[in-house]
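Please find below a colleague's note on the model, arranged as numbered points. It covers aromatic pairs, the nonpolar core and selected contacts.

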Amino acid sequence: MSEMARFFAVAVVGLLLDIAIAWCTARLLGLPLWLAAAVGFAVAAAANYAAHELWTFRRGAQRLSVGRALRYGAALAVTLSARVATVAALVALVDEVHALSVLL
């Protein structure tokens, strides 16, 4: 499997994991949707980092790096902020029955 195919596979699995965790934490645990979106994003981001480090980019030693993880997390902080703000804004615009659809 090519590096591009592995990258795509990790991205798709990460997206599905993100949405599934956000939905479950909102629906089953009753978390506010913006917080559920943040939890799903954080878990999926951690899984994506590990998968990319250990599987997608097979160069040299396959190991996790605290430094790379911190840089990855810092870069994702902007995306997480945008996601939480967008989810909060959209939830304010839709009725409660359709609020979970905001995650999609």
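1. Terms and basis. In this note a residue is called buried under 20% relative accessible area, exposed over 50%, and partly exposed in between, with a 1.4 Å probe and protein chains only. The model is predicted: local features need pLDDT of at least 70, side-chain atom pairs count only at pLDDT 80 or more, and totals for chains, interfaces and linings use all residues. Residues are numbered from 1 along each chain as its sequence is written, and side-chain values use heavy atoms, with hydrogens and water left out.

2. Aromatic pairs. Rings of Phe, Tyr and Trp (its six-membered ring) are paired if their centres lie within 6.5 Å; planes under 30 degrees apart count as stacked, over 60 as edge-to-face and the rest as tilted. The count under this rule is 2 aromatic pairs. In one of them, F7 and F57 are tilted, at 6.2 Å centre to centre and 50° between the planes. This pair links distant parts of the chain, 50 residues apart: F7 belongs to helix α1 (residues 3–27), and F57 to the loop between α2 (33–56) and α3 (66–93). Helices here are DSSP runs (H or I, at least four residues), numbered from the N terminus. F7 is partly exposed, at a relative accessible area of 41%, and F57 is also partly exposed, at 29%.

3. The tyrosine pair. Y49 and Y72 have ring centres 5.7 Å apart and planes at 40°, so this pair is tilted. Y49 in helix α2 and Y72 in helix α3 are 23 residues apart, and their pair links distant parts of the chain. Which of the two categories, buried or partly exposed, applies to Y49? Y49 counts as buried because its relative accessibility is 11%. Y72, at 28%, counts as partly exposed.

4. N48 lies in helix α2 and, at 15% relative accessibility, counts as buried. Contact is taken as heavy atoms within 4.5 Å. Leaving aside residues up to four places away in sequence, N48 touches V10, G14 and Y72.

5. The nonpolar core. Such a core is a set of buried Ala, Val, Leu, Ile, Met, Phe, Trp, Tyr and Cys residues joined through side-chain atoms within 4.5 Å. The largest one has 9 residues, namely A22, A26, L33, A36, A37, V87, A99, V102 and L103. At least two residues of this core come from each of α1 and α2, and α2 gives the most, with 3 residues. With residues up to four places away in sequence not counted, A22 touches A36, A37, G40, R83 and L103.
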